[in-house]
Amino acid sequence: MSILKHLAIIMDGNGRWAKQKGKIRTQGHKEGINTLREITTWCAKNNIAYLTLYAFSTENWNRPKTEVDFLMKLLEKYLIQEKQTYLENNIRFKTIGNIEAFNEPLKQTIQSLEADTATNSSLTQILALNYGSRDEIKRACEKIIQTKAYSKESDMGSLIQSHLDTKDIPDVDLLIRTGGEMRLSNFLLWQASYAELFFPPILWPDFTSDDLAKIIQDFKNRTRRFGGL
Ligand code: IPE
Ligand code: IPE
Ligand code: MG
């Protein structure tokens, strides 16, 4: 039976969900917050150690400014309003990605929620914010050069691993992308090298903890060989 420590989710399909309902795209993002809360608390109650969620990619800046601005405001509101959910469920909040690009109030909100939940010990929820795998690997290499961490004895693979944003987090075991599209869109390319992949057709606002439980059941029955026999 496969062990699930680290679950990663690409929360996709908000825009299509809104379109189907005759609403504007941003309504889909708003609705997606409810799924985010349900899935996160379910993971905390079901012994999952790490949950990483793709919330904003380095490529998402290419969307219209109105949508990007809406997403930034929604994120800030979510982090403020949901503080209670993190505390009540003993959830630690972390981020990966380069948050330097965000405005000062949003950065402050992120940093204070990280600090306020730092000692929580059920689930670690990791939001990928302004995250892209290529950018993460590039920043890791820059850090290695800047700090002169490399010497002739170094193992470059371990050095890269230990300079990634995910340095203290185990590799991804199970990766789910809702919305049915079968691509990774620059998400955790290094960390998900041996992840089991699932692409349910369900749009993110319609995705439920029952859908997740079924996928996990399926995951547990898969045989992971890691190149061996
Ligand atoms: C994912 O939903 C949410 C973000 C990228 C922030 P989309 O907005 O990509 O929804 P679709 O894929 O257009 O339906
Ligand atoms: C991936 O979804 C990013 C997030 C879910 C945050 P996108 O909808 O941005 O990906 P593409 O553009 O379809 O590849
Ligand atoms: Mg999408």
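**Ligand contacts and helix packing**

Guide: An N or O atom in the side chain of Arg25 is 2.8 Å from an oxygen atom of ligand 1; a polar contact here is a pair of N or O atoms within 3.5 Å. The model is predicted, so local features need pLDDT of at least 70 and side-chain atom pairs count only at pLDDT 80 or more, while totals for chains, interfaces and linings use all residues. Residues are numbered from 1 along each chain as its sequence is written, chains are lettered from A and ligands numbered from 1 in the order in which they are written, and side-chain values use heavy atoms, with hydrogens and water left out.

Visitor: What surrounds ligand 1?

Guide: The residues around ligand 1 are Met11, Asp12, Gly13, Asn14, Gly15, Arg16, Arg25, His29, Ala55, Asn60, Arg63 and Leu71, where a residue is near a molecule if one of its heavy atoms lies within 4 Å of it.

Visitor: How far is the polar side-chain atom of Asp12 from an oxygen atom of ligand 1?

Guide: That distance is 2.8 Å for Asp12. Asn14 uses a polar backbone atom, 3.1 Å from an oxygen atom of ligand 1.

Visitor: And which residues are around ligand 2?

Guide: Ligand 2 has around it Ile10, Met11, Asp12, Tyr54, Ala55, Phe56, Asn60, Arg63, Arg177, Arg183 and Ser185. An N or O atom in the side chain of Ser185 is 2.6 Å from an oxygen atom of ligand 2. For Arg183, the side-chain N or O atom is 2.8 Å from a ligand 2 oxygen atom, and for Arg63 a polar side-chain atom lies 3.2 Å from one.

Visitor: Turning to the helices, at what angle do H2 and H3 pack?

Guide: Helix H2 (residues 25–45) packs with H3 at an angle of about 25 degrees, and their axes are 10 Å apart. H2 is therefore roughly parallel to H3, a label for angles under 35 degrees.

Visitor: Which residues of H2 and H3 meet?

Guide: From H2 come Arg25, Thr26, His29, Lys30, Ile33 and Leu36, and from H3 come Glu67, Phe70, Leu71, Leu74 and Tyr78; contact means heavy atoms within 4.5 Å.

Visitor: What about H3 and H5?

Guide: H3 (residues 65–81) and H5 (residues 104–116) pack at about 30 degrees, with axes 10 Å apart. H3 is therefore roughly parallel to H5. The contact includes Met72 and Leu75 of H3 and Pro105 and Leu106 of H5.

How values were computed. Axes are lines fitted to C-alpha atoms, for helices over the stretch in contact, and angles run from 0 to 180 degrees between N-to-C directions. Helices (H or I, at least four residues) and strands (E, at least two) are DSSP runs, numbered from the N terminus. Angles under 35 degrees count as roughly parallel, over 145 as roughly antiparallel, 65 to 115 as roughly perpendicular and the rest as oblique. A polar contact is a pair of N or O atoms within 3.5 Å; within protein, one must be able to donate a hydrogen and the other to accept it, and residues adjacent in sequence count only if both atoms are side-chain atoms.
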